[in-house]
Amino acid sequence: MLWYIKDCLKRLLIYHFLGCDYLNIAICDDDKLFCDYLEDQCRNYYDERKVSLNIFKFTSGEELLEEPLLFDLVFLDVEMGVINGIKTGKELQHKNPHSIIIVVTSYDCYLDDAFRIQAFRFLSKPIDILRFNRTLDDVSDLIKNDIIIFYDVQSAQNTRIYANDIIYLEIAKKKTKVVTVNGIYYSREKLSYWKAKLNGISFVSPHSSYLVNLDYSINHSRTRLVLANKDSNGKIIERYEISIAPKKQNEIKRMFFYLLERR
């Protein structure tokens, strides 16, 4: 019982002091020695790049799914106990669609299943270290483009958000208001900084004071763009109406219909 209390206290401290520049990694495999091996390889890779890590190891899918912490990167074995890696991956996607899942197994027959859970990569055992490192190179590029870390003036602390969770940004009293699906933040950086960060095709500027994510658009007219934040069932939680500057109207119309076709 004492070890369990110590473990809980350790995790509470990690949650409390967890820096936004940390990478949270889960390794789930019923082979404890292989878990240790993967941990060593991850640390070797990220220590060279001076990236701080929090690595948690699990020996079953059930144990991983009970963990409240959300992970940036997850290594999943396929052949495990009652809940195999594929079922675990599906649950993880529902819990946190931003988790990058890497399926690791000795059985190539699970390749199709790995694609069904939108696994980022499929690694065969024994691990090819060169391929493993190339995979982490690609993971690093993906995280670099997807995660934005900035100082939130309102909470007076560093904040980490996902680019795809941003609904729109607005200039507000010499600060940038960042409206996301999970809340509103205020950044010291100018809108030009955010435009450089958010250079994906979904982000456009309908007005000099705004940068919007058209993936959240639900309607538009020549002079008005309507965005919406929806719950997991597709029900609209909140609507946002943003004016479109005359010189931007043709561009927004063209982009709006392009994204409708892409959906």
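These are legends for a handful of close-up views of a predicted protein model.

**View 1. The whole protein, before zooming in.** The predicted model has 263 residues, and 43% of them are buried. In secondary structure terms, you get 8 helices and 15 strands. The accessible surface runs to about 15,100 Å², with carbon and sulfur atoms holding 51% of that. If you take the contacts with a separation of 6 or more, 53% come from residues 24 or more positions apart.

**View 2. The cis peptide bond at Lys 125 and Pro 126.** Most peptide bonds are trans. Here, though, the bond joining Lys 125 and Pro 126 is cis, with omega at about -5°. Where does Pro 126 sit? Look in the loop that runs between strand E5 (121-124) and helix H6 (129-146).

**View 3. Lys 50 and its positive phi.** Most residues other than glycine have a negative phi. Lys 50 is not a glycine, yet its phi is positive, at about 55°. You'll find Lys 50 in the loop linking helix H2 (32-48) to strand E2 (53-58). Is Lys 50 buried or exposed? Its relative accessibility is 75%, and the cut-off for exposed is over 50%, so Lys 50 counts as exposed.

**View 4. Lys 173, another lysine with a positive phi.** Lys 173 has a phi near 50°, again a positive value in a residue other than glycine. This lysine is in the loop between two strands, E8 (166-172) and E9 (175-180). With a relative accessible area of 79%, Lys 173 is exposed.

View 5. Buried or exposed, then, for Asp 146? Its relative accessible area is 15%, and buried means under 20%, so Asp 146 counts as buried. Which residues does Asp 146 touch, leaving aside those up to four places away in sequence? The contacts are His 98, Ile 161, Tyr 162, Ala 163 and Asn 164.

**View 6. Asp 146 and Lys 197, a pair separated in sequence.** Asp 146 and Lys 197 are 51 residues apart along the chain. In space, the C-alpha to C-alpha distance for this pair is 9.5 Å.

Definitions and conventions. Residues are numbered from 1 along each chain as its sequence is written. This is a predicted model: local features need pLDDT of at least 70, side-chain atom pairs count only at pLDDT 80 or more; totals for chains, interfaces and linings use all residues. Side-chain values use heavy atoms; hydrogens and water are left out. Helices (H or I, at least four residues) and strands (E, at least two) are DSSP runs, numbered from the N terminus. Buried means under 20% relative accessible area, exposed over 50%, partly exposed in between (1.4 Å probe, protein chains only). Contact means heavy atoms within 4.5 Å. Accessible areas come from the Shrake-Rupley method with a 1.4 Å probe; for residues, only the protein chains shown count as cover.
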